[in-house]
Every structure is written in C-alpha cells, then in structure tokens.
Amino acid sequence: MAKRKILVSECLYGGRAVRYDGRDASLSDPRFLRWKEEGRLIPVCPEVSGGLPVPRPAAQRAGERVLTCAGKDVTKEYTAGAQAALRLAKEHDVVFAVMKQDSPSCGSKFIYDGTFTGTKTPGQGMAAAYLRDAGFTVFGEEDLDEAEALLARL
Ligand code: SF4
C-alpha cells in the first residue's frame, strides 16, 4: 500500500533556499529524515509559491493582513501561497502537515505580533490557518512526538 503523505514547510525539508533571509532551517530529527527517505514528505514554501522572492523583507500578520517591515501590504501574495499549500495538501491527500513555527505563513501556535519588535503572540500563519480550516491537522516542528503517534494510528 502506498505510504500516506505529509505536507511540510520547505525550509524544514531543506535543499532549496526559501526563507526570507535565505538561511537554512532544515530539520535533522531522525523521524523527519525517515519520512523523507520513505518519500512521504511533500515540501511547500507558501511564500515562494505565492510569488515572493528570496531573500524578501520580513513580514508579519496584522489582523487579516500581512505587512512587511516597511509597511508594504503583501496579503495578496500570502493568500495565494496559503491557497497553493492547501491545493497541494488536497492533491496528495496528506495525513497532516508539519510546518515551521512562528512564520506568518506556516506558524501553527505562535506568530510575531505585527510590531517587528521580536514579540510573539499566540496565533497561526496564513497557510496553517487555511489548512486547519479545511480540516487538516497542523503540527509545528517541535511536535514530532504527536505527529509520529498520529501516523502510527493510521
Ligand atoms: S513560508 Fe514557510 S516554508 Fe517558506 S520559508 Fe517561511 S516558514 Fe519556511
């Protein structure tokens, strides 16, 4: 039987520079690497999928909008990226997603509060919100115990 797929933030997956600052954030947890080896992981960077370049200005959610540190409204690009991530999740019928914490797209528990002062607040990024609204479970990279347990039950 084909192995069920898992949607993951592309910066955790590694191999292509996608982060706003171009830096690496690839995950080396053995479980994550095993899932990668098994071909389960479907990487997506919602911000790049939404048409944003690498590097790009830092951006944070401000209510329903997303603004860069210079005040430019990039809600359209973030929305397009969230829609692309959801499309991919549906296409591959993923069992859940593992997304990078704190990101205005991928954060699943905390995000920066929109003040660009390094302050986090409970909340979720736009892609995480789209996935959850469609019924997908979204874990952060620190939740692999729970993710592994869920996968074992399937
Ligand atoms: S949008 Fe998500 S996948 Fe892309 S760099 Fe940010 S946290 Fe990583």
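Ala, Val, Leu, Ile, Met, Phe, Trp, Tyr, Cys and Pro count here as nonpolar, Asp, Glu, Lys and Arg as charged, and the others, Gly among them, as polar. By that scheme, the shell around the ligand divides into 5 nonpolar, 3 polar and 4 charged residues.

The model is predicted: local features need pLDDT of at least 70, side-chain atom pairs count only at pLDDT 80 or more, and totals for chains, interfaces and linings use all residues. Residues are numbered from 1 along each chain as its sequence is written.

Stay with the ligand. Among the residues around it are Ser9, Glu10, Cys11, Arg19, Cys45 and Lys100, each with its C-beta atom, placed from the backbone, within 6 Å of the ligand. Helix 1 and helix 3 (46-49) each give two or more residues to this shell. Helices (H or I, at least four residues) and strands (E, at least two) are DSSP runs, numbered from the N terminus.

Strand 5 (residues 96-99) pairs with strand 8 over 3 bridges. There, Val98 stands opposite Phe139.

Val98 also belongs to the largest nonpolar core, which has 37 residues. Such a core is a set of buried Ala, Val, Leu, Ile, Met, Phe, Trp, Tyr and Cys residues joined through C-beta atoms within 7 Å; buried means that 20 or more other C-beta atoms lie within 10 Å of a residue's own, the C-beta atoms being placed from the backbone. Helix 4 supplies the largest share, 6 residues.

How values were computed. Two strands pair if DSSP finds at least two bridges between them. A residue is buried if 20 or more other C-beta atoms lie within 10 Å of its own, exposed if 12 or fewer, and partly exposed in between; C-beta atoms are placed from the backbone.
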